Amino acid sequence: MSTSSIDLRTATLDELRSADAQLREEVTAYGESLHMLSKAVSRYHASGRAIEALSKETVGKDMLIPLTESLYVPGKIAKTNGVLLDVGTGYFIEHDAEKGIDYCKRKVNFIRENVDALMELLTKKRKQLVLVQDFMRARMQEQAQATQAGA
Amino acid sequence: MATPQAMFAAMQKKLTDESRTYETLGEEMSANAIARQQASQQLSENEMVLKELELLEDEAKVYKLIGPVLMKQDLEEARGNVGKRLDYIRAESERLEKKAGELQKKQLDKQKDIMELQQKMMALANPSGGE
């Protein structure tokens with residue numbers, strides 16, 4: 001995933017073109033990842049808040065359980081201070097509410113760190129892309145002038 | 001001695017063959033890239049699971065999803081299993097990484113071969129001035 005470094009001042013138009021294409025691809029890919037990460041952050045946020053809300057309820061309280069987005073069935077809360085966390089690769093861990101909230105917070109922080117790092121990278125790549133495009137335009141102009149002079 | 005036409009035809013055939021191998025190499029490389037990406041995803045997912053498991057106290061209850069069922073797991077065993085999986089994925093990543101390097105080298109070599117062949121064919125088709 002590393003961009004092979006080229007010297008913009010001496011690069012040929014073809015080299016600049018492929019660098020441009022690669023940078024564009026990278027910028028799009030990073031943008032998508034960023035979008036996915038921010039979605040994940042909001043999901044963990046929502047989960048954390050759900051645990052918090054649950055822990056304040058009393059056992060036996062009536063509630064509606066969503067089976068699908070539009071179908072709900074009545075039920076009762078059986079346990080307010082315990083959650084099962086899906087930590088990935090098929091492993092689930094039983095925790096009390098406090099630790100569950102803690103887990104969500106930790107995840108949110110972890111993803112935020114990644115978002116920040118990715119953001120930095122994206123800005124860097126965008127700058128590089130602009131630079132490459134500037135050089136590409138200049139090189140094309142040079143070539144156009146050269147052919148005119150030659151004709 | 002073969003006629004120039006026969007030599008040219010033979011070279012052309014070789015060029016087609018070489019181009020085909022070059023393409024196959026490209027396909028192998030993109031398959032390898034996908035596999036590498038998957039391995040690195042699995043690696044980070046398993047690392048995170050292991051980190052969670054390490055944070056747990058010994059009496060914590062851990063379950064593993066096997067098919068549709070959640071099976072109770074011994075914490076130590078779970079740690080061991082995830083650790084082993086990590087080792088396996090790391091080895092797999094390394095193997096794929098090495099393979100990627102080899103493929104890239106092969107592709108470059110092929111590219112050189114093809115270019116040489118094309119130059120030879122051009123020289124043969126156009127021997128200083130042509131027909």
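This is a predicted model: local features need pLDDT of at least 70, side-chain atom pairs count only at pLDDT 80 or more; totals for chains, interfaces and linings use all residues.
Strands here are DSSP runs of at least two residues, numbered from the N terminus. With that naming, T89(A) sits in the loop between β3 and β4 of chain A.

T89(A) has a phi near 45 degrees. That is a positive value in a residue other than glycine. Most residues other than glycine have a negative phi. T89(A) counts as partly exposed, because its relative accessibility is 21% and the buried class requires under 20%.

Between chain A and chain B, about 1600 Å² is buried in total. Carbon and sulfur atoms give 61% of that area. In terms of residues, 15 from chain A are in contact with 19 from chain B.

Next come the polar links across this interface. Eight residue pairs are in polar contact between chain A and chain B, with both residues of each pair at pLDDT 80 or more. Three salt bridges cross the interface. K99(A) forms a salt bridge with E57(B), and their closest N and O atoms are 3.5 Å apart. Which elements of chain A give two or more residues to the side that touches chain B? They are β3 (83–88), β4 (91–95) and α2 (97–150).

Helix α2 also holds R139(A). Is R139(A) buried or exposed? R139(A) counts as buried, because its relative accessibility is 13%. Its surroundings come from the start of the chain numbering. Leaving aside residues up to four places away in sequence, R139(A) touches L8(A), R9(A), T10(A), A11(A), T12(A), L13(A) and L16(A). Two backbone oxygens are reached by this side chain. The backbone oxygen of A11(A) is at 2.3 Å from the side chain of R139(A). The backbone oxygen of R9(A) lies 3.3 Å from a polar atom of that side chain.

The side chains of R139(A) and E142(A) meet in a salt bridge, at 3.6 Å from N to O. Both residues lie in helix α2 of chain A, three residues apart, which is about one turn of the helix. E142(A) counts as partly exposed, because its relative accessibility is 47%.

Over all chains, a search of the whole structure finds 21 salt bridges. One of the pairs in chain A lies in helix α1. D14(A) forms a salt bridge with R17(A), and the closest N and O atoms are 3.8 Å apart. About one helical turn separates D14(A) and R17(A), because they are three residues apart in helix α1 (residues 13–55) of chain A. D14(A) counts as exposed, at 57% relative accessibility. R17(A) is partly exposed, with a relative accessible area of 39%.

Another salt bridge spans two strands. K76(A) pairs with D62(A), and the closest N and O atoms are 3.0 Å apart. This pair links distant parts of the chain. K76(A) is in strand β2 of chain A and D62(A) is in strand β1, 14 residues apart. Where do these two side chains stand in exposure? K76(A) counts as exposed, because its relative accessibility is 58%. D62(A) counts as exposed too, at 56% relative accessibility.

L67(A) lies in the loop between β1 (62–66) and β2 (72–76) of chain A. L67(A) is exposed, because its relative accessible area is 56%.

Notes. Residues are numbered from 1 along each chain as its sequence is written. Chains are lettered from A and ligands numbered from 1 in the order in which they are written. Side-chain values use heavy atoms; hydrogens and water are left out. Helices (H or I, at least four residues) and strands (E, at least two) are DSSP runs, numbered from the N terminus. Buried means under 20% relative accessible area, exposed over 50%, partly exposed in between (1.4 Å probe, protein chains only). Contact means heavy atoms within 4.5 Å. Buried area is the accessible area (1.4 Å probe) that two parts lose on being put together, summed over both. A salt bridge is a side-chain nitrogen of Lys or Arg within 4 Å of a carboxyl oxygen of Asp or Glu. A polar contact is a pair of N or O atoms within 3.5 Å; within protein, one must be able to donate a hydrogen and the other to accept it, and residues adjacent in sequence count only if both atoms are side-chain atoms.
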